[in-house]
Amino acid sequence: MQNSKLNQLTAHELIKKLEDKEITAEEILIALKKRIEELDSKIRAYVRLKEIDKVTSGPGNTAMAPLKGLPITIKDNICTEGINTECCSKILMGFKPPYDATVIKKLKEAGVSIF
């Protein structure tokens, strides 16, 4: 499959392709980065793109995890350890939480790659 079309697939379709070894999690991440670069100047959905190279995945073997290393992005108001969480507020500028919110812990346990 052409990597440029990966953004048109659902999470279920991507997981199936990962299980069948038709694609890798890295290929999904590359396609996602490319799509963000193409569109974000118009829609401005991302507060920070500098951290896009900081990918953190859950512990253990993602091949056995239900989400198989799927890359996801996190809204700027959910605490993610070590990644700026500023809620688009000047008061919180530079805040890097020392912990993960429960939803982040659960996502990592499920095997996602957070960037």
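I began with the secondary structure and counted three helices and three strands in the protein chain, taking both as DSSP runs numbered from the N terminus, with helices being H or I over at least four residues and strands being E over at least two. Read along the sequence, the elements follow the pattern α-α-β-β-α-β.

I note that this is a predicted model, in which local features need pLDDT of at least 70 and side-chain atom pairs count only at pLDDT 80 or more, while totals for chains, interfaces and linings use all residues. Residues are numbered from 1 along each chain as its sequence is written, and side-chain values use heavy atoms, with hydrogens and water left out.

**Entry on the whole chain.** I looked up the accessible surface, which comes to about 7,700 Å² for the protein chain, 55% of it belonging to carbon and sulfur atoms; accessible areas come from the Shrake-Rupley method with a 1.4 Å probe, and for residues only the protein chains shown count as cover. Of the 115 residues, 33% count as buried, where buried means under 20% relative accessible area, exposed means over 50%, and partly exposed lies in between (1.4 Å probe, protein chains only). I then turned to contacts, meaning heavy atoms within 4.5 Å, and found that among those between residues at least 6 apart in sequence, 57% join residues at least 24 apart.

**Entry on the cores.** I took a nonpolar core to be a set of buried Ala, Val, Leu, Ile, Met, Phe, Trp, Tyr and Cys residues joined through side-chain atoms within 4.5 Å. The largest such core has nine residues, namely Leu6, Leu9, Leu14, Ile15, Leu18, Ile23, Ile28, Ala31 and Leu70. Helices α1 (11–19) and α2 (25–43) each supply at least two residues of this core, and α1 gives the most, with three residues.

**Entry on the cysteines.** I checked phi at Cys87 and found a value near 55°, which is positive in a residue other than glycine. Cys87 sits in the loop between β2 (71–72) and α3 (102–109), and is partly exposed at a relative accessible area of 39%. For Cys88 I also read a phi near 55°, again a positive value in a residue other than glycine. Cys88 is found in the loop between β2 and α3 and is exposed, with a relative accessible area of 59%.
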